[in-house]
Number of protein chains: 2
Amino acid sequence: MKKWLPAVLAILFALSSTSYSATQSKHREKKIYGTSALMVIVERESGKVAIIDSVNHELIGRVEGLGNLRHATMVFSRDARYAYIISRDGVVSKVDLIELKLANQAKVGENSIGIAISRDNKYIMVCNYQPGSVVIVDSDTLKKVKEIPAEFEKADGTKALSRTVGPLDTPDNLMIFGLMEGNGVWVVDMKQEGFPVIKKYWAVGDTPYDQLITPDGRYYLVGLLNSDWMGLLDTWKLDEVRKIDVRERRAMQNPEAEKVPLFHIPHLESWAIASDLAFVPAFGEKRVIVYDMKNNWKFVKSIPIAGTPLFVVVRPGGREVWVDNVGSPGSPEERLVQVIDVEKLEVKKTIDVGKGAIDPQFTPKGEAVYISVREEDRIAVYDSDTGKLIKEFPSQKPSGIFSTDRASKFGL
Amino acid sequence: MKKWLPAVLAILFALSSTSYSATQSKHREKKIYGTSALMVIVERESGKVAIIDSVNHELIGRVEGLGNLRHATMVFSRDARYAYIISRDGVVSKVDLIELKLANQAKVGENSIGIAISRDNKYIMVCNYQPGSVVIVDSDTLKKVKEIPAEFEKADGTKALSRTVGPLDTPDNLMIFGLMEGNGVWVVDMKQEGFPVIKKYWAVGDTPYDQLITPDGRYYLVGLLNSDWMGLLDTWKLDEVRKIDVRERRAMQNPEAEKVPLFHIPHLESWAIASDLAFVPAFGEKRVIVYDMKNNWKFVKSIPIAGTPLFVVVRPGGREVWVDNVGSPGSPEERLVQVIDVEKLEVKKTIDVGKGAIDPQFTPKGEAVYISVREEDRIAVYDSDTGKLIKEFPSQKPSGIFSTDRASKFGL
């Protein structure tokens with residue numbers, strides 16, 4: 001008995017102390033939190049995301065190994081436990097925002113651009129530049145369940161594959177995406193067996209490049225790189241892609257406007273819709289254009305700003321629109337974020353955020369705003385009412401910022 | 001050595017197996033989930049709430065000991081970890097939706113009716129019938145930080161305390177509530193030191209009893225028990241409580257309408273606002289009235305339904321409005337939930353849910369709807385597209401259903 005006693009004791013001690021301390025350390029290190037108000041921030045150069053508690057403005061952690069995050073975007077599972085991130089090199093990463101780890105990863109294309117989650121939380125759709133297609137994967141396993149080649153007929157009658165952009169989800173569980181070379185818009189019904197393309201609209205305009213769903217969930221808008229209009233589709237009727245005149249956006253009616261290089265193409269998803277007005281970034285011009293959506297998209301006003309707008313974002317509650325300013329590197333304007341008063345339709349505040357400030361993203365109720373200060377390797381958090389800096393986080397080349405309240409919004 | 005060995009072994013075994021099995025069972029029983037898509041359902045008679053994962057339609061658990069839950073209502077912390085529930089007997093319970101336990105509890109009144117959380121997540125406001133006041137507590141400790149007596153002047157010049165109703169929060173971090181006997185509406189600024197009442201509107205109409213904030217966050221609407229109008233306050237301007245004519249709602253313009261007893265007073269918070277239309281329950285009549293909000297609240301149409309409406313709820317995406325039907329106990333109509341087509345303004349589907357079916361509440365993206373079947377002690381879940389039953393949960397006298405996506409919405 002004496003012989004084996006020490007060994008038994010050692011094993012028992014080890015067992016009891018290991019399990020006890022494991023439990024303890026687990027409890028000690030593990031912050032418990034709801035997932036409805038997290039900010040997930042893309043750190044482009046390092047292939048990571050930073051996850052921040054946006055109620056208390058505390059860094060929770062980072063998850064790495066997400067591929068080339070240039071222009072990376074993401075959507076959230078409906079319970080906001082997972083972020084699905086699409087990298088530029090065609091990798092979908094399912095990031096667990098509670099366990100702070102990669103839950104799954106799959107290669108879905110060579111060159112990808114957009115991602116959406118179906119209304120029922122079951123499928124993820126990705127738009128590919130290369131090969132020209134959309135891919136549908138299971139949201140749990142990330143296994144491919146369908147690929148839809150974006151085939152179109154060229155002028156000479158031959159067939160080719162188009163780069164695709166989007167996709168966006170609608171309340172009827174449709175997914176809508178654009179065909180860049182195909183000048184088309186396609187609608188997939190995610191409710192039906194086999195995910196059929198139920199509509200193919202052709203000749204919508206020259207080179208669809210980005211799109212949005214209006215906050216009410218009803219209308220789909222597609223921006224066209226080389227046409228003087230936008231396409232508008234009523235997703236209830238699915239009858240036609242109507243042309244909305246946006247010549248003003250290209251200064252055709254305003255030849256004296258100051259032209260500047262187009263440093264970035266502004267993204268539609270970031271357009272602000274407040275009350276019945278749409279706040280739209282001009283192309284390569286230092287202004288935000290206001291259209292009246294309920295009055296046949298009539299031009300209302302052009303609001304001058306410091307640089308060329310990239311993200312034009314409505315503050316929750318709709319009383320303000322915040323806009324970043326792109327400019328040549330090192331220019332004074334690329335430091336500025338400006339606040340437009342929606343009632344007066346004029347800039348009411350200018351905040352000097354820092355070099356390369358982009359992508360203001362509000363907390364769900366809008367009392368604070370997160371901004372990526374790209375060229376200063378930090379994320380800045382401002383009090384939205386006072387415009388005062390309340391917190392900073394070191395962050396390597398931060399870019400897109402995504403709040404988990406998107407989990408319950410259509411088209412985001 | 002032999003003597004104490006069994007005791008040591010026993011202790012060590014106990015230690016190791018206890019901590020090990022505790023760890024194990026914790027891991028086994030603990031489901032990890034995001035909190036953005038939970039349904040929290042009031043079980044009135046037993047003083048409990050049931051917490052359900054509304055993505056997979058799985059019961060997570062129950063928390064009990066919440067007081068008298070007759071007319072109980074709740075709000076969520078911004079991260080949706082906590083539900084703050086106000087019981088009829090004046091107890092605020094802070095329920096942890098992850099740890100499934102009571103995190104805190106405090107008595108704030110003798111007879112309470114409504115609850116709201118401030119935009120910054122820091123404070124909870126409760127409306128009391130008895131004593132006539134509103135109470136502000138810290139959202140963490142539930143310690144009282146302020147009580148505002150709802151004092152008004154009676155016709156004879158003497159002062160009295162009024163029952164209060166509401167409160168609702170706005171994007172500007174205001175809290176608004178009504179004074180039932182005082183015929184007033186008060187506005188508290190939650191941003192300012194000491195929470196001052198910054199506006200007191202008097203003579204808004206006879207007996208404010210319920211209220212809402214429009215989905216855009218801008219307008220506050222107050223229902224009046226004994227006046228032929230509603231009050232409308234523009235929270236951007238805070239100038240006046242305008243009178244909105246709702247005589248139609250009381251059949252003053254429709255004397256032939258079938259009158260039935262008013263079994264329940266319909267609640268404003270449940271009114272449906274879809275596109276620019278408001279779908280409003282009639283008082284003691286079997287119809288839903290449609291007003292055009294953008295056209296000075298012009299009466300549009302009266303839609304006949306099977307019983308008297310209690311909850312009138314817009315489906316996410318705004319294409320349908322779902323309404324329950326109250327009737328005399330055991331009547332055929334109290335079994336029915338009806339679906340109104342927003343484009344056609346007519347009932348397009350009637351679902352026989354069961355005895356005492358009330359309070360349809362949609363999942364955040366609307367593909368499923370939860371309904372309390374009070375008199376059959378169950379919660380029914382329907383596919384919103386097909387109207388087919390997809391799941392049931394046994395539940396003792398279920399009443400109000402609250403989805404955690406309210407955490408990022410104003411006035412809910």
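Student: How many salt bridges does a search of the whole structure find over all chains?
Tutor: Happy to start there, keeping in mind that this is a predicted model. The search covers all chains, and the total for salt bridges comes to 63.

Student: Is B:Lys237 buried, partly exposed or exposed?
Tutor: Buried would need under 20% relative accessible area, and exposed over 50%. B:Lys237 has 45% relative accessibility, so this residue counts as partly exposed.

Student: How many residues apart in sequence are the parts that B:Arg81 and B:Asp96 tie together?
Tutor: Good one! The two side chains meet in a salt bridge at 2.8 Å, N to O, and both B:Arg81 and B:Asp96 are buried. B:Arg81 lies in the loop between strand 4 (73-76) and strand 5 (82-86) of chain B, while B:Asp96 is in strand 6 (residues 91-96), so the separation of the parts in sequence is 15 residues.

Student: Which strands stand at the edges of the open sheet in chain B?
Tutor: The sheet has four strands in the order 14-15-16-17, with antiparallel pairing. An edge strand here has a single partner strand, so one side is left without a neighbour in the sheet; that describes strand 14 (164-169) and strand 17 (197-201).

Methods
Residues are numbered from 1 along each chain as its sequence is written. Chains are lettered from A and ligands numbered from 1 in the order in which they are written. This is a predicted model: local features need pLDDT of at least 70, side-chain atom pairs count only at pLDDT 80 or more; totals for chains, interfaces and linings use all residues. Side-chain values use heavy atoms; hydrogens and water are left out. Two strands pair if DSSP finds at least two bridges between them. Helices (H or I, at least four residues) and strands (E, at least two) are DSSP runs, numbered from the N terminus. A salt bridge is a side-chain nitrogen of Lys or Arg within 4 Å of a carboxyl oxygen of Asp or Glu. Buried means under 20% relative accessible area, exposed over 50%, partly exposed in between (1.4 Å probe, protein chains only).
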